[in-house]
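Please study the sequence and the structure before reading each solution.

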Amino acid sequence: MLRSVRFALLIVALVACSRTGSTWGTPGEVRIGYLGTIYTLDPLIAFGQRLIDLTQLYTQPLVGIGTDSRAIPLLCTQIPTVRNGGVSRDGLTITYHLRDVRFADGVPFTSRDVAFTYRAILDPRNPITEADPYRRIASLQTPDAHTVRIRLKAPWSGAVYELFAASDYIFGILPAHAFAGNTDLAQATAWNARPFGTGPFRVVQWNRGDSLVLERNPYSWQKPKLQRIIVKMIADENTAYIDLLAHAIDFTDITYDQVETVKQDPGIALVPIPRNEVDNVELQTEHLPDLQVRRAIAYAIDRATIAKTVYHNSSALATTEIPSLFPQHDAAIHALPYDPARARALLAGRHLSARISFNLSENVYKSVATLIQANLRAVGIDATQEGATPSLLYAPPASGGILYDGKFDLEIGGWYGGLDPEASEPWTCANRAPNGPNVARWCDARYDAAFAAQQRLLDPAARTKQFWIMQQRIAAEVPVIFLVERTEFEAVNPALRGFGPNMLYNFGQTEDWSLP
């Protein structure tokens, strides 16, 4: 308790200090508070949204995402579509026309670099985070230095927004010459220590476990306004917030519990960011095959109280796997309401037990698990919590992984989507765990048929109808209970200009940042 009192007094003192000056920081330099440790700087290997985001500072994909959360051309001159001839009418061929730009060492960027990155993604020696989308490519050709032509094995409407794009993963294009053409990425020790690409900055110093220093890329086609970005690795949100109050950093992530405190401090700007992320509860349908039981669990969960207590009413209640950020979201779907009496009636006196699994590193999920445990016990379900470390929770079955081996009944987590709504759809039969991310192990023929149809359709309206069918099937069968559409928050130095996060990332437009 004494430690808590000291922490509170320190916060009060630092808040008072933060209000004394209207501006702070070093002109031309931004210091980012990064929660956790940076274990790699290779964009093909990075895992986790913050680390993936960081790679955008120095490498770039062909297709990016703007501050309005829509696709923008980055290393290509235009987004390929059927209308502009970039996508063939059969949906099998995608043609990219590349910008005439240079890497941070002055070497021209060409189609050769795209082809090299593609080969590196498929090289089994590299622990690539998500290579499956690139296995859907039948061939990648480079007719000239500024043209890349991809031939798909089958029509795929979302391909332009997934391949070489800022989506749920961002595979920035690597400079082939820095690797001497060797796609075994671990061998390029010099590049791995100080990576560079066509991004607005380049890494000049990596102090492992402490900080990362990037300076303006002198050849950047985007002409960044800042001279330098310093990324400081910080252990937790409380430490990061103290550093912000002490003006040791210029922005950082904050927790939902910290939002109200930041709102009271006029010396800090609070930036809310609606994300393409839906927090949910997945039901292990092999353990819970009875639809009536799954519906009883849905009726038992008080989503409104969870949204108020855990998320402080900052995140809207979710109703489907596709958040309302997308026009493909089906607004006609309504979640089952909180109704404990209805839940008990559906259970009909059956005695059930339920193991609730969640990621121990996510305090939000721990709080949600506690509330859901109480909800389920109130209707007669003997619920227990089984939090696990990420390494155990997400491990393959052979390593005792909880999710992929099906050793749970309810799992509290979230699904972070991509630039296309298809990236929010992991529930096909083919993706059933342990073969894919469908840890609910749910399989529905009508869902699969709609999923397959939307992949073939190039007409947006026709494709949207298939997404509606998919959302309706999940709502009817209840393999997942949706909690909230996440809004995240950044606490920012109010002197920072041009900070424009989108539904996926914070660092997509760092060339626009300035600190006078």
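**Exercise 1. The second largest pocket**

Task: State how much space lies in the second largest pocket, and describe its lining by class.

Solution: The model is a predicted one. In it, the second largest pocket holds about 840 Å³ of space. Its lining consists of 31 residues, and those nearest the centre are Tyr161, Gln328, Asp420, Pro460 and Arg463. Next, sort the lining by class: 19 residues are nonpolar, six are polar and six are charged. Finally, look for the element that gives the most to this lining: helix α13 (residues 460-477), with three residues.

**Exercise 2. Helices α5 and α6**

Task: Determine how α5 is oriented relative to α6, and which residues make the contact.

Solution: Two packed helices are described by the angle between their axes and the distance between the axes. Helix α5 (residues 237-245) packs against helix α6 (residues 256-263) at about 15 degrees, and the axes are 11 Å apart. Angles under 35 degrees count as roughly parallel, so α5 is roughly parallel to α6. The crossing of this pair is right-handed. On the α5 side, Glu237, Asn238 and Tyr241 make the contact, while α6 contributes Gln258, Thr261 and Val262. By class, these contact residues are two nonpolar, three polar and one charged.

**Exercise 3. Helices α7 and α9**

Task: Carry out the analysis for α7 and α9, giving the angle between them and the hand of the crossing.

Solution: Begin with the geometry: helix α7 (residues 291-300) and helix α9 (residues 340-347) pack at about 160 degrees, with axes 8 Å apart. An angle over 145 degrees counts as roughly antiparallel, and therefore α7 is roughly antiparallel to α9. The crossing is left-handed. From α7, the contact uses Gln292, Arg295, Ala296, Tyr299 and Ala300; from α9, it uses Pro340, Arg342, Ala343, Leu346 and Leu347. Seven of the contact residues are nonpolar, one is polar and two are charged.

How values were computed: Residues are numbered from 1 along each chain as its sequence is written. This is a predicted model: local features need pLDDT of at least 70, side-chain atom pairs count only at pLDDT 80 or more; totals for chains, interfaces and linings use all residues. Side-chain values use heavy atoms; hydrogens and water are left out. Axes are lines fitted to C-alpha atoms, for helices over the stretch in contact, and angles run from 0 to 180 degrees between N-to-C directions. Helices (H or I, at least four residues) and strands (E, at least two) are DSSP runs, numbered from the N terminus. Angles under 35 degrees count as roughly parallel, over 145 as roughly antiparallel, 65 to 115 as roughly perpendicular and the rest as oblique. A crossing is left-handed if the near helix is turned anticlockwise from the far one by less than a right angle, and right-handed if clockwise. Contact means heavy atoms within 4.5 Å. Ala, Val, Leu, Ile, Met, Phe, Trp, Tyr, Cys and Pro count as nonpolar, Asp, Glu, Lys and Arg as charged, and the others, Gly among them, as polar. On a 1 Å grid over the protein atoms alone, a cavity is a set of points where a 1.4 Å probe fits but cannot get out, and a pocket is an open set with protein on both sides within 12 Å along at least five of seven lines; lining residues have an atom within 4 Å of a point. Grid points are joined across faces, edges and corners, and a volume is the space filled by probe spheres set on the points.
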